[in-house]
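Hi,

Here is the model I promised to send over.

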Amino acid sequence: MANEALKISVRDLHKRFGSNEVLKGVDLGLANGESVVVIGASGTGKSVLLRCILGLVAADKGEISIDGVDMKSTGRAKREKLRRQIGVLFQGAALFDSVPVWENVAFALLNGTKSQRTSRKDARERAEECLALVGLSPRVGALLPADLSGGMQKRVGLARAIAADPAVLFFDEPTTGLDPITADVINTLIVERVKAMGASAISITHDLASAKKIADRIVMLHEGRVIWSGPATELDQSGNPMVDQFVNGRADGPIKMSLRA
Amino acid sequence: MNPVLFFQIIGALTLDAFRGIGMLSVFITNTVGAVLLPPYYGGNVMAMMLRIGFNSLPVVGLTAIFTGAALALNIYDGSARFNAETFLPQILSVSIVRELGPGFAALMVAGRASSAMAAELGAMRVSDQIDAMRTLSVNPYHYLIAPRVLATTLALPVLVFIADVIGIYGGYLTATLALNFEGATYIANIENFLTARDVISGLIKAAVFGFLISLMGCFFGYHSAGGARGVGAATRAAVVGSAVAIFASNYVMTSFLISV
């Protein structure tokens, strides 16, 4: 269960690409052990928010803190160390297609910083251990990512995300492109792993079944702002017309989606 | 045309140009830093040397032998106009080691390896693999860019040396089989005329070409965006950029190497 200390805190985050202001003052908190899911229509800034927290995109304004340390004002080494606590499962799994599956899982252990690196033998053992945790046999380790199905790639991506035993896990559209059964398997794995590791998690998804299954709390973004935040159990009774429209998948309502660019 | 629109276009193009120069400057700085400073990924450098250097040998060799053969015919035909056919070995060898060997080998590697680098890094960029690498605390400049740049810079002089030998041999075949030159005299003329300075200047050019080719391939691939179309554009830009960089730097280096 979550405790009150914030693992990650985002305050008044702004990000603009040219004339398009994607994030317009986002506030988000993630408590220790909490699982937050960010939902919202396409183009509302969910992925940009995740990328800003990961340091892959520089925010224009606002504050991002990990363990109470402001990422902007702290030194690079400390910043890298704090971000090393985060494991990420990317939307398309983002596996390195030139190396076998086990090397993907153990990538940070083989190629990361001095403090992360282990021997090749230990790295392989850890990779096989992580593959087992996501329901894959050690035999899969010798295959190349291209030899795997979409669901298996997601599992390998999850194994890679947990290999360094991170304190926080990020899931970017973890079930997109998967059939409902495989999606449920991935959701179950996410819930199990996050609980087993005692980790905090931020996920972004369009998949409401997935959101309800893995979230303690759900946050909805619309046009770069948080418009609703509450327990996952209250999503269907949010009382917010935009959330209702999104949850019920209606074209009519306060959220106007343009069909033309 | 609306004058305001005209100035808007000029302004946008200028900003784009400066943005490009800025991005390239940052990329070069990061790349040089990654080549010089640890961590080093020796295995990646060796793999790239094999892929870029060794695997380019057949195409570079074929180009060199036909270039040497055709050059011999051209030199013979041109020099016959002022009864200087006997200088064919000297002119051919110096042309190859100073200019054609480095130039053609670099163009072949640009077409083969620079485009491959741009396509591979571009695909990694658009499929989030480069971002994934960063989240795993692995610096893509150290892991991906530095090995490619280092491998190409080291491999191209070796390739060019081999191309020089094959190119001169191509000229030898034409001269002895089609132009009635005596083989031993042909070789002796080259030995007496060609200096170490000629060869070394070609190899220096090759190293610089290697650096520029890999830099173009990596730069455009690393910054590609917009899915498959973006990767295609990056590949095209890498080959064009490499070719322009080869020709432009060739003139600058030739001026410098002749003057020293």
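**What I found**

Chain A has an accessible surface of about 11,900 Å², and 51% of that belongs to carbon and sulfur atoms; for chain B the figures are about 12,500 Å² and 73%. Areas are Shrake-Rupley with a 1.4 Å probe, and for residues only the protein chains shown count as cover.

Before you dig in: this is a predicted model, so local features need pLDDT of at least 70 and side-chain atom pairs count only at pLDDT 80 or more, while totals for chains, interfaces and linings use all residues. Residues are numbered from 1 along each chain as its sequence is written, chains are lettered from A and ligands numbered from 1 in the order in which they are written, and side-chain values use heavy atoms, with hydrogens and water left out.

Chain A first. It has 9 helices and 10 strands (DSSP runs numbered from the N terminus: helices are H or I with at least four residues, strands are E with at least two). Its radius of gyration is 18 Å, close to the 18 Å that the globule rule gives for 261 residues, so chain A is as compact as a globular protein of that length. That radius is taken over C-alpha atoms, and the rule is 2.2 Å times the number of residues to the power 0.38. The C-alpha trace of chain A spans about 55 × 45 × 40 Å along its principal axes.

Chain B comes to 9 helices and 0 strands, and its C-alpha trace spans about 65 × 55 × 35 Å along the principal axes. Of its 260 residues, 45% are buried, while in chain A buried residues make up 52% of 261. Buried here is under 20% relative accessible area (1.4 Å probe, protein chains only).

Now the inside. The largest nonpolar core has 79 residues, and those with the most contacts inside it are Ile8(A), Leu49(A), Phe170(A) and Leu156(B). Helix H6 of chain B (residues 140–177) gives the largest share of this core, 11 residues. Apart from it lies another core of 49 residues, including Leu169(A) and Ile255(A). A core is a set of buried Ala, Val, Leu, Ile, Met, Phe, Trp, Tyr and Cys residues joined through side-chain atoms within 4.5 Å.

Leaving aside neighbours within four places in sequence, Phe170(A) is in contact (heavy atoms within 4.5 Å) with residues including Ile8(A), Leu50(A), Ile86(A) and Ile202(A).

Cheers

Terms used: Buried means under 20% relative accessible area, exposed over 50%, partly exposed in between (1.4 Å probe, protein chains only).
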